[in-house]
Structure formats: C-alpha cells, structure tokens
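The terms are defined where they come up.

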Amino acid sequence: MENIVITGSSRGIGFGLANAFLARGRRVIISSSSSENLEKALEELKKNHPDAPLFSRQCDVTVLSETEALWEKAEKEFGRVDIWINNAGCAHPMQPFWKLDYADIRKTVDVNLMGTINGSWVAFRRMMAQGGGHIYNLEGQGADGSVISGMGVFGTAKAGVHYFSKSLIEEAKGTPVKVSTVIPGIIRTGLQAGTAGTTTEGRMFLNMFGEDVRSATSDLASRILANTSHGACINRMSLPDMIGKVVTAPLRMLFGQQ
C-alpha cells in the first residue's frame with residue numbers, strides 16, 4: 001500500500017488526487033500554504049473517507065525548511081514515502097507581462113518552479129536514504145514551448161519545470177529513485193477559472209473541453225498507481241485523450257457534466 005505526499009492539495013487537482021488515492025486505499029498526506037484551506041480540505045476528505053489513513057501538514061513549498069518538515073511528517077506517520085507529487089502551483093492574472101504586479105510575477109515563478117525544485121530536492125535525497133520512491137512533477141502550459149498571450153510568466157515557470165524534470169530524469173538513471181511527469185489535461189479548476197476563464201474564448205474552450213476535477217483526477221490517480229516506469233509521462237493531452245474529449249464534448253454539455 002503506497003504512502004503518498006501531495007503538495008498543494010487543499011483544492012483543485014491536488015485535492016482531487018488525494019480523494020482518489022484515499023478511495024483506492026492509499027495513505028495520504030495533504031498540504032497547503034493556507035492553514036484555513038488545509039483545515040477545510042482535511043474535514044471534507046475525512047467526511048468522504050472516515051477511516052482512511054489521512055494526515056495534513058501546512059507547507060509553503062517555496063520555503064525549504066517547510067518542505068523538509070512535510071517529509072518528516074509523512075515519515076513520522078507512515079515510516080516511508082513511496083510517491084511524492086509536486087503539485088503546488090499558482091498563476092498570475094491573464095494579462096501582458098508589463099501590466100503584472102511584481103509580487104504576482106515572483107510568486108508564480110517561486111511556487112511553480114522553485115516549489116518543484118525544493119520538493120524534488122527533499123524527496124530525492126530522502127528517497128535515496130530509504131532505498132527508493134517515485135517523484136512526480138506536474139507540467140502545464142509552456143512546457144511544450146507554446147505561447148499563450150497573457151500567460152508569459154506562468155508559461156516560463158512551467159517550461160522551467162519541464163527542463164528541470166527532463167534533467168532530473170536523466171540524472172536519476174541508475175538510482176533507486178524514479179522520476180516522472182504529469183500533464184493533467186484540461187480540467188476545470190480555480191486556477192483555470194482565474195486565467196483562461198477570464199476571457200470569452202477561454203470560457204468557451206473550458207466549457208467545451210474542460211473536465212470535472214473528480215473524474216479527471218480519478219483517472220490520473222489510476223494511471224499514476226499503475227505506472228512502474230522511470231521517466232514516464234502521465235499525459236492526458238495525448239492524441240487519444242484529446243479525440244475522446246472532442247467526441248464526448250457535445251454529450252457532456254448536453255447533460256450538464258461540468
């Protein structure tokens with residue numbers, strides 16, 4: 001039975017993954033930089049899974065000491081960590097670079113890129129000490145080199161995550177630690193609503209192709225648990241996945257599956 005740590009898991013994709021892993025009988029540690037959001041998430045997950053082995057730890061992934069404390073919490077409760085998911089992320093308002101507040105620029109880079117680097121550094125070293133484990137880094141817009149107007153800093157951070165992950169995968173060869181990536185696909189989350197959802201075209205795109213968080217993360221959780229390969233990419237934006245979204249979009253809209 002895997003022991004799983006998910007950063008940034010008080011809502012959105014991280015929360016959905018936690019819910020899906022618990023439903024499959026796994027042990028989970030959730031985390032968030034917000035104590036209020038974390039408390040609400042813990043309460044809801046315990047309501048859904050009253051007897052599940054579930055714990056929480058407040059953690060700002062941009063602070064290395066807090067990331068280390070998150071691992072130590074998991075180690076204390078479970079003895080070891082089998083899967084560590086660097087999911088924590090944030091996005092700036094969808095507008096040109098020069099109109100952004102500097103605080104939003106810095107936070108976007110720090111959380112998405114440095115948060116992934118911090119989590120990977122802590123998890124990799126500790127997994128080496130315990131004899132193995134699997135790290136997953138979440139990719140996003142910008143990782144494939146595409147450019148979306150108004151998302152320059154977010155895309156830059158995610159492009160950095162992509163390069164960092166490729167490098168780490170290469171360096172980890174021959175070690176007991178596996179590293180893989182996750183491309184979650186088009187999922188309706190608060191982050192998406194605050195970026196793509198702020199434009200008419202973006203809202204139409206999300207309504208047409210966006211998936212419900214619960215069903216999408218249930219699929220993601222199954223794919224992650226089934227994966228035993230180093231350097232895998234759990235890609236829900238693959239051609240078969242996208243064809244499925246196109247084919248089922250009219251039905252989802254007809255039956256109100258948001």
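Axes are lines fitted to C-alpha atoms, for helices over the stretch in contact, and angles run from 0 to 180 degrees between N-to-C directions. This is a predicted model, in which local features need pLDDT of at least 70, side-chain atom pairs count only at pLDDT 80 or more, and totals for chains, interfaces and linings use all residues. Residues are numbered from 1 along each chain as its sequence is written, and side-chain values use heavy atoms, with hydrogens and water left out.

Q: How many helices and strands are in the chain?
A: Helices (H or I, at least four residues) and strands (E, at least two) are DSSP runs, numbered from the N terminus. By that assignment the chain has 9 helices and 7 strands.

Q: Are the axes of α4 and α5 roughly parallel or roughly antiparallel?
A: Helix α4 (residues 102–130) and helix α5 (residues 152–171) have axes that come within 8 Å and cross at roughly 15°. Angles under 35 degrees count as roughly parallel, over 145 as roughly antiparallel, 65 to 115 as roughly perpendicular and the rest as oblique. Therefore α4 and α5 are roughly parallel.

Q: How do the residues of the contact of α4 with α5 divide into nonpolar, polar and charged, and which residues are they?
A: Contact means heavy atoms within 4.5 Å. The α4 side consists of I105, T108, V109, N112, L113, T116, I117, S120 and F124, and the α5 side of V153, F154, A157, K158, G160, V161, F164 and L168. Ala, Val, Leu, Ile, Met, Phe, Trp, Tyr, Cys and Pro count as nonpolar, Asp, Glu, Lys and Arg as charged, and the others, Gly among them, as polar. The division is 11 nonpolar, 5 polar and 1 charged.

Q: Is N227 buried or exposed?
A: N227 sits in the loop between α8 (213–226) and β7 (233–235). Leaving aside neighbours within four places in sequence, N227 contacts H134, Y136, S180, A232 and I234. Buried means under 20% relative accessible area, exposed over 50%, partly exposed in between (1.4 Å probe, protein chains only). With 15% relative accessibility, N227 is therefore buried.

Q: Is E39 buried or exposed?
A: E39 belongs to helix α2 (residues 35–48). Its relative accessibility is 58%, so E39 counts as exposed.

Q: What is the accessibility class of E2?
A: E2 lies in the segment before β1 (3–6). Not counting residues up to four places away in sequence, E2 touches R26, R27, D82, I83 and L225. Since its relative accessibility is 21%, E2 counts as partly exposed.
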